[in-house]
Amino acid sequence: MAGLVAGVDVGGTFTDLIIADPATRRVQLAKVPTTLPNQAQGVLTAFEATGADLSRIDLIVHGTTTTTNAVLERRLSRTGLITTAGFRDVLELGRRTRPKAYGMDGRFVPIIPRDLRLEVAERLDAQGNVLTPLDESAVEKAALRLLDLGCESLVIHFLHAYANPDHEKRAADIAARVWPNRHITMGHALLSESREYERGVTAAVNASVQPLLERYVASLAAELRQRGYRNDLLVMNGNGGMVSASTVSKEAVKTVMSGPASGVMAALATGRRAGFADLLTYDMGGTSTDVTMIRNGRAPVSNEIEIEYAMPIHVPMVDVRTIGAGGGSIARIDGGGSLRVGPESAGSMPGPICYGRGGTQVTLSDANLILGRLPAARFGQAADAARVAMMDQIATPLGLSVERAAEAVVRLANTHMAGAIRMVSISLGADPRDFALFAFGGAGPLHATALARELAVPRVLVPARPGITNALGCVVADLRQDYVRTLNRPLDTVDMAQVHAIFAAQEAQGRDLVTGEGIALTDVRVEFSADMQFVGQTHLLRVALSDGQPTRGDLQHAFEAAYLKRFKVALPTIKANLVNLNVSVIGLRPALDLSALIDSGGRQASAAPTGRRAVWFGAWIDTPVYWRDHLPLNLRLVGPAIIEQMDTTILVEPGCIVTSDADGNLLIEVPHD
Amino acid sequence: MTDPITLAVIQAGLQQVCDEMDLTFSRAAFSPVIAEADDRSDGIYSAEDGSLIAQGSKGLPVFVGVMQFSTQSLIGRIRDGVTAPPEPGDIYIVNDPYLGGTHLMDVRFAMPVWRAGQIYCWLSNTGHWPDTGGAVPGGFSASAISAEQEGLRLPPVKLFKKGVLDTEIWQIICSNIRVSDQRIGDVQAQAGALRVGAERLTQLLDRYGDAMVTQAIADMRQRATQQMRKMIETIPEGRFVATAIIDSDGVVHQPLLIQLAVSKTAQDLVFDFSGSSRPCLGPMNSVRATTISSVYLAMRHIFPDVPISAGAFEPLKVTGIEGTFLDAHYPRPVSGCAAEVSQRIAEAVFAALVQAIPARVTAAPAGTSGNFCLGGYDPATGQNYVMYQISGGGYGGNADHDGLSNGCSTIGISKAPPVEIMEQKFPVLYRRYALHEGSGGAGAHRGGFGLDYEIELLRGEAQASFVMDHGLTGPLGAQGGLNGALNRVEVRRGGEVHVPPHLSKAQDILLYPGDSVRVRTPGGGGYGAPGDRDPALVAEDVRLGRYSAEDAGKWWNWQG
């Protein structure tokens with residue numbers, strides 16, 4: 001591919017753009033405020049900011065939060081449901097839960113309100129046999145009624161449709177005759193698995209964001225075309241693959257985790273070039289932190305993500321866990337006189353005190369500023385306010401100096417974050433010494449060395465542009481199709497020929513789709529895995545397979561090994577159960593040269609500080625401050641040091657050793673006692 | 001005093017040890033009650049007196065504080081020479097309700113953490129086993145009148161000796177419980193969780209030093225006490241009285257009363273249960289540990305910020321339970337204590353304290369686990385089966401908003417199984433799974449709605465049993481709000497509808513194909529006078545069919 005490639009990511013605050021020219025290795029960057037409600041404006045502004053000629057761009061890949069925001073803020077298209085008689089309330093009843101383990105209050109708003117949930121006579125049993133035939137005239141009546149009530153989208157969701165989709169298909173055909181648009185979602189079409197609540201919510205979310213996403217990408221594509229872009233606009237999916245804007249809205253729900261997925265794709269691509277196949281990615285922002293464990297250069301994909309309380313979305317998505325800790329996490333003294341940090345957050349409005357937007361409660365960012373880790377000059381008067389508040393709210397009640405108080409806040413926040421990272425990695429059987437901590441997001445590199453120390457991870461990888469990692473993910477992401485097929489049978493009764501046939505069929509289907517996008521690929525890689533358990537268990541363990549033709553013995557051994565590693569338990573008397581077969585077909589795009597993410601023109605022959613400032617490491621230490629873009633590629637720095645750049649600040653603790661690779665990624669070796 | 005930084009970090013570290021034990025236990029367990037429903041808990045207990053140091057945040061709420069009583073009892077028995085003292089690698093098993101437990105199905109493991117040949121502290125966990133023998137599968141016999149009918153009772157004995165499973169004890173257990181072939185998986189998961197905990201705790205001790213951690217634990221305890229006292233300060237002076245009612249004990253037709261008076265002394269909050277009913281013949285007795293823990297659990301729901309630890313419990317004094325069904329002794333049957341009586345105790349606490357601190361406490365939630373058990377033979381598979389259906393109910397309204405619908409039991413955090421999975425596994429067909437219309441108690445903020453489901457038997461014969469509650473009186477309204485709707489069970493046999501004599505409890509009701517059971521679970525209590533409700537919200541509820549026009553007219557004077 002000779003032409004330019006652009007990745008544009010719309011985040012909560014900023015819209016980031018990267019345009020890469022593989023021929024000249026030149027990279028252009030832009031960061032502009034996100035525009036709401038129409039994100040397209042910000043995207044176009046970003047292109048204008050680079051002055052790029054859109055007719056010279058071969059490929060634009062877009063990460064969008066349109067659907068995420070629509071769901072979280074319940075700004076949804078009016079959607080109706082036609083379902084099995086007796087079951088219209090499933091979407092409101094959920095799985096009998098409550099938002100918090102302790103506290104008997106809380107609210108829940110179903111995606112589709114009760115008056116738009118209509119029932120028709122029909123019933124299948126669990127094997128898919130018809131017990132009650134579909135009342136076809138009732139389907140048409142229900143569809144007309146929902147149109148009358150102003151619905152734009154329709155969900156058809158019947159019990160046991162995963163076992164036999166005939167009734168859903170027939171009902172969709174009947175409804176389509178009267179429905180004025182194509183916004184009809186069948187429950188089984190997105191997720192052919194049992195669990196009526198999860199399948200129903202997935203379908204309902206799809207239907208209720210579909211018109212919004214379709215309108216948004218259509219208008220953006222038209223605007224881009226008008227400005228000279230001639231090719232297909234691609235949109236990032238939550239599984240880290242991308243789809244054409246013309247078809248993305250059909251399965252709109254799959255874009256819900258688009259943003260975090262592109263961050264993980266960037267980590268994968270960066271790690272691949274830097275020689276790291278095992279990464280803990282750590283994306284810390286203002287209110288929350290996203291964590292993922294990458295093993296063997298593979299993005300972890302889960303089919304069971306819950307994006308908020310009682311909102312399960314069961315389609316393959318990159319398994320990103322969100323921790324409620326960020327720069328805005330609030331520090332306070334509780335009734336017992338103990339320090340607490342989070343989970344409450346000042347968010348971005350009013351935000352930390354040091355932002356000067358009216359925040360009054362001390363946050364983690366304020367503590368970082370007080371300790372000299374952030375440049376005080378950037379915050380002006382508000383820096384003093386943060387210091388006073390730290391004194392009043394934390395230091396005085398604890399009988400500490402203001403520095404000690406700020407240090408306590410940072411240490412406690414780090415302890416919480418490290419604990420949360422441990423729960424999704426080391427607690428699952430991973431050895432921390434195998435990993436590098438991939439730190440990004442505006443606040444990630446500030447805490448990375450401390451976290452690595454806490455977790456016993458030996459090194460930190462700070463990419464060239466930590467603040468625009470998601471846009472980079474759009475530029476470097478591969479094409480990807482994920483398939484799941486449920487067998488749920490004891491391994492000794494499974495027909496292995498059937499397993500091989502399923503793997504082969506899914507691989508073939510994926511290859512067709514991936515190679516049919518008309519995008520240059522260097523290779524197609526296929527990943528096989530099985531979800532297994534011991535007979536009688538409910539939780540699954542994902543077992544990676546080397547190819548699509550495993551023997552029964554291969555599956556048994558791979559499972560036992562994985563189980564032993566995870567739980568330190570061998571159960572030789574109990575049989576294994578094969579639940580799901582998974583195939584991921586990945587179309588690898590030509591590796592992009594990332595070395596120009598930092599303009600080589602600014603590099604200096606040797607690392608020279610741009611200044612010095614006092615930074616608190618248990619005592620004030622006069623610490624050199626470097627400008628990232630000036631650092632040479634043959635870098636070797638020994639901490640303490642502060643490295644600043646346009647989009648983040650990197651804290652190098654005393655004793656850590658910083659080097660650079662050829663792409664300008666910083667590698668920080670963290671010593672462990 | 002530990003410096004505040006180290007203290008906070010050690011406290012978070014101890015919490016993570018517990019959370020990691022919880023995670024390991026659930027993920028490796030076989031029993032769906034543990035693996036899916038998280039009916040388990042893990043914690044750290046002091047070596048001297050078994051008092052609670054830290055407990056996992058994802059543990060089942062009913063176990064708040066409860067294991068400190070069993071650990072206490074174990075330490076006492078070792079001291080008295082009744083139970084053999086531990087050696088490194090030993091793990092005790094115990095499920096005796098009268099030695100600081102709940103019901104027999106909650107099986108506890110306990111293991112010391114050793115430092116330089118001494119016991120530094122204990123780790124203990126509880127898991128709800130699907131069966132521990134007794135008259136009925138699953139252990140919830142609604143008509144048991146003695147402990148022996150409820151199942152196998154284990155005093156503390158070493159199931160693992162120097163790290164190795166004692167196969168002789170294990171064989172005795174296996175011969176006395178149903179579906180024993182997979183229990184070894186649960187045992188390994190339960191023991192594995194303790195070993196993971198010991199490993200993590202040892203790392204923490206190595207890093208900070210035993211003396212510093214010990215000091216931090218003492219400081220944490222003192223601070224938790226202080227924090228609970230701060231919360232108690234927000235409660236005005238007075239004596240707040242409430243009565244919660246259990247339909248019956250399942251054997252004798254007579255309601256059981258929980259009489260509670262809450263009052264403050266200089267520094268403590270006293271929960272006086274004097275005047276509550278005497279011990280009962282049927283299985284609705286509670287044991288001391290469960291009663292006290294139920295008070296802790298209710299307080300934790302009201303003040304979720306206070307960490308779970310012995311220090312937080314210190315200012316909470318429970319009195320007046322001697323001689324009542326809330327402090328039953330051997331051989332009184334107790335299977336209902338963890339699932340149902342505990343929730344009535346919590347309801348009494350809510351109903352008393354909502355008068356004192358109305359902004360913090362909700363009206364009563366449905367407060368029943370809705371245990372429905374169907375056991376039978378499926379001719380299509382040629383197998384016997386035991387099916388459990390648990391169900392949620394409405395939560396109480398509160399000062400800020402209406403109650404949640406179909407919420408989990410007060411003492412649980414588990415999800416109910418999907419209808420599709422139940423129909424895959426068992427020869428049943430659900431006729432409906434719907435909102436229990438009209439069930440939310442009327443109020444300015446109404447209660448949430450219960451569940452209305454009906455299960456039909458498709459093949460073979462089966463026997464149905466229930467242990468539910470609130471069939472006689474609804475969950476209590478608060479501040480002028482009305483009670484939530486009753487729990488209703490109807491058995492349809494051969495075209496006739498029967499209501500069980502004990503309303504919410506019954507055992508071994510024979511069903512044939514085509515027969516069905518319909519259950520409507522309670523709605524939550526209403527909060528505030530119904531007349532204070534925004535008429536637009538009443539109209540919205542009627543429009544959505546949540547209340548009939550008639551009900552809305554009766555309670556809110558709604559006229560369309």
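Helices (H or I, at least four residues) and strands (E, at least two) are DSSP runs, numbered from the N terminus. By that rule, B:Thr319 belongs to strand E11 (residues 316-319) of chain B, and the secondary structure of chain B comes to 12 helices and 20 strands. The structure is a predicted model, in which local features need pLDDT of at least 70 and side-chain atom pairs count only at pLDDT 80 or more, while totals for chains, interfaces and linings use all residues. Residues are numbered from 1 along each chain as its sequence is written, and chains are lettered from A and ligands numbered from 1 in the order in which they are written.

**Chain B as a whole**

- Taken along the principal axes, the box that the C-alpha atoms of chain B fill is roughly 75 × 60 × 40 Å.
- Of the 560 residues in chain B, 62% are buried; a residue is buried if 20 or more other C-beta atoms, placed from the backbone, lie within 10 Å of its own, exposed if 12 or fewer, and partly exposed in between.
- Two residues are in contact if their C-beta atoms, placed from the backbone, lie within 7 Å, and among contacts in chain B between residues at least 6 apart in sequence, 75% join residues at least 24 apart.

**A residue in strand E11 of chain B**

- B:Thr319 counts as exposed, because 11 C-beta neighbours lie inside 10 Å.
- Leaving aside neighbours within four places in sequence, B:Thr319 is in contact with B:Val270 and B:Asp272.
- From C-alpha to C-alpha, B:Thr319 and B:Ser274 are 7.4 Å apart in space, although 45 residues apart in sequence.

**An open sheet in chain B**

- In chain B, 7 strands form an open sheet with antiparallel pairing, in the order E2-E1-E5-E4-E3-E6-E7, where two strands pair if DSSP finds at least two bridges between them.
- Strand E2 (52-55) and strand E7 (164-165) of chain B stand at the edges, each with a single partner strand, and therefore one side of each has no neighbour in the sheet.
- Helix H1 (residues 4-28) of chain B packs on the sheet, where H1 touches strand E1 (40-46), E2 and strand E5 (118-128) of chain B, and the direction of H1 makes about 145 degrees with that of E1(B); such angles run from 0 to 180 degrees between N-to-C directions, and axes are lines fitted to C-alpha atoms, for helices over the stretch in contact.
- Strand E3 (residues 91-94) and strand E4 (residues 106-115) of chain B pair in the antiparallel sense over 3 bridges, and the bridge partner of B:Val94 in E4(B) is B:Arg108.

**Two packed helices in chain B**

- The axes of H5(B) and H6(B) are 6 Å apart, and the two helices pack at an angle of about 105 degrees.
- That angle makes H5(B) roughly perpendicular to H6(B); angles under 35 degrees count as roughly parallel, over 145 as roughly antiparallel, 65 to 115 as roughly perpendicular and the rest as oblique.
- B:Leu204, B:Leu205 and B:Tyr208 in H5(B) meet B:Asp210, B:Met212 and B:Val213 in H6(B).
- By class, this contact of H5(B) with H6(B) has 5 nonpolar, no polar and 1 charged residues, where Ala, Val, Leu, Ile, Met, Phe, Trp, Tyr, Cys and Pro count as nonpolar, Asp, Glu, Lys and Arg as charged, and the others, Gly among them, as polar.

**The contact between chains A and B**

- Chain B gives 67 residues to the contact and chain A gives 60 residues.
- The elements of chain B that give two or more residues to the side touching chain A include H1, helix H5 (183-208) and helix H6 (210-233).
- H1(B) provides the largest share of that side, 13 residues.
- The side of chain B that touches chain A has 30 nonpolar, 23 polar and 14 charged residues.

**Backbone details in chain A**

- Most residues other than glycine have a negative phi, and most peptide bonds are trans.
- The peptide bond from A:Gly342 to A:Pro343 is cis, with omega near -5 degrees, and A:Pro343 lies in strand E21 (residues 339-345) of chain A.
- A:His160, which is not a glycine, has a positive phi of about 65 degrees, and A:His160 counts as buried, with 24 C-beta neighbours inside 10 Å.
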